[in-house]
Amino acid sequence: MIEELIRRTAAEDDDAIEELCEIADADPQRLAPYQGLLLDLDVLWPAKLYRAAGADVVRQVIEQIDGGRTPNRLNHLLLILAHCAHPLAESAMRRWSTQPPAGADELHVGALSYALEGGWTIGPGDSRRGLCGDTAHRWVIRETPRRADGPTCPWCASPLWVAADLDTAEPAIEAALTHAGWSGRLVIETCHFCACYTTLYSRVTPAGSATWWAGNTRPSYLSDAAEPEDPPALLPVLGPALPNPYQASAWNRGGSTLGGRPDWIQDAEHADCPGCGQPMDYVGLIGGADLDDFGEGAYYLHLHQPCGFAAVSYQQS
């Protein structure tokens, strides 16, 4: 069945591509025996099909890039290496960051920056750092009373929205935030309206405080005439554990997820910490479809424990 899907995908069958993506999200290892066939048939996208790529396939991808014969495919090949996150891929991407391969001059970012698409980066100490956790839980959206006297957005005067209220005293939450190094209560508060136009940061502490960061920069295209809007009277609460980290959905109802890997609508957009400039850790995703019957897009929650910053970004198609 999988071999047939791959051959249909090579023939640009959209239904087959969707089925393969569902397999890659449900159980990446099911595609492991077919990685060579994917490569042989030039099925290079979506890159998440290669999450389970082993050393042999990774070497073939590296050899294609080093050979320089198909620089027009470089973007897709680097995405494959980022998603598989194999040590051989990391080593090659480090090398290409100082010795760019053929076609690199046509890329928008350097080779090593592609690591963000796979949820990892190289930290200041030159060591690899994962930005996402391996544990994920469904976020169940519950109604919650709106605060009558809570803080408001300095830009549009809308009441701020508590997008997450987490406490690592709960073992499941502790596990979901282990990669971020957070211990204690974490409240992420944002403007649900203005976050749709720019990444918004807040100062957070393990005591559960959350404060709008004074350094947030209002986009010039955000109208001064924006009227205050009530935020969703909704709060995500911990739901059942998910079988793997790839179950988030930015599109479907029930796709909101704590932990695991984000489902980016556009390119990967791990917020940069305003304190140190490093990519922040991914906390979770709240899908627009879970907030409103006609909702779209998704809010992405980020955290950088060493500097005490949280962030909320938004993407839509």
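A salt bridge here is a side-chain nitrogen of Lys or Arg within 4 Å of a carboxyl oxygen of Asp or Glu.

The model is predicted, so local features need pLDDT of at least 70 and side-chain atom pairs count only at pLDDT 80 or more, while totals for chains, interfaces and linings use all residues. Residues are numbered from 1 along each chain as its sequence is written, and side-chain values use heavy atoms, with hydrogens and water left out.

**Stop 1: Asp-293 and Arg-253**

Select Asp-293 and Arg-253. Their side chains form a salt bridge at 3.2 Å, N to O. Asp-293 sits in the loop between β10 (281–287) and β11 (298–304), and Arg-253 in the loop between β8 (234–241) and β9 (257–259), so the pair ties together parts 40 residues apart in sequence. Helices and strands are DSSP runs, numbered from the N terminus: H or I of at least four residues for helices, E of at least two for strands. Buried or exposed? Asp-293 and Arg-253 are both exposed. The classes rest on relative accessible area: buried is under 20%, exposed over 50%, partly exposed in between (1.4 Å probe, protein chains only).

**Stop 2: Arg-95 and Asp-66**

The structure holds 15 salt bridges. Go next to Arg-95 and Asp-66, whose side chains meet in one at 3.0 Å, N to O. Arg-95 belongs to helix α6 (residues 87–98) and Asp-66 to helix α4 (residues 55–67), so this pair joins parts that are 29 residues apart in sequence. Arg-95 is partly exposed, at 33% relative accessible area. Asp-66 is partly exposed too, at 42%.

**Stop 3: Asp-165 and Arg-185**

Now the strands. The side chains of Asp-165 and Arg-185 meet in a salt bridge at 2.7 Å, N to O. The pair links distant parts of the chain, with Asp-165 in strand β4 (residues 161–167) and Arg-185 in strand β5 (residues 185–190), 20 residues apart. Asp-165 is partly exposed at 30%. Arg-185 is partly exposed at 34%.

**Stop 4: a network**

Select Glu-90, Arg-94, Asp-126 and Arg-128 together. A network of salt bridges links these residues.

**Stop 5**

Switch to cartoon. Two packed helices are described by the angle between their axes and the distance between the axes. Here the axes are lines fitted to C-alpha atoms, for helices over the stretch in contact, and angles run from 0 to 180 degrees between N-to-C directions.

Show helix α1 (residues 2–10) and helix α2 (residues 14–26). Their axes come within 8 Å and cross at roughly 130 degrees. That makes α1 oblique to α2. On this scale, angles under 35 degrees are roughly parallel, over 145 roughly antiparallel, 65 to 115 roughly perpendicular, and the rest oblique. The crossing of α1 and α2 is left-handed: the near helix is turned anticlockwise from the far one by less than a right angle, where clockwise would be right-handed.

From α1, the contact uses Ile-2, Leu-5, Ile-6, Arg-8 and Thr-9; from α2, Asp-15, Ala-16, Ile-17, Glu-19, Leu-20 and Ile-23. Contact means heavy atoms within 4.5 Å.

Stay on Thr-9, in helix α1. Thr-9 counts as buried, at 6% relative accessibility. Leaving aside neighbours within four places in sequence, Thr-9 is in contact with Ala-16, Ile-17, Leu-20 and Val-43.

From Ile-17, draw a distance to Asp-40. The two are 23 residues apart in sequence and 16 Å apart in space, C-alpha to C-alpha. Asp-40 is found in helix α3 (residues 35–40). Asp-40 is exposed, at 61%.

**Stop 6: α4 on α5**

α4 contributes Val-58, Val-61, Ile-62, Gln-64 and Ile-65 to the contact, and α5 contributes Leu-74, Leu-77, Leu-78, Ile-80, Leu-81 and Cys-84.

**Stop 7: Leu-242**

Finish at Leu-242, in the loop between β8 and β9. Leu-242 counts as buried, at 17% relative accessibility. Which residues touch it? Leaving aside neighbours within four places in sequence, Leu-242 is in contact with Ala-136, His-137, Arg-138, Gln-247 and Thr-257. Leu-242 and Gly-259 are 17 residues apart in sequence and 9.9 Å apart in space, C-alpha to C-alpha.
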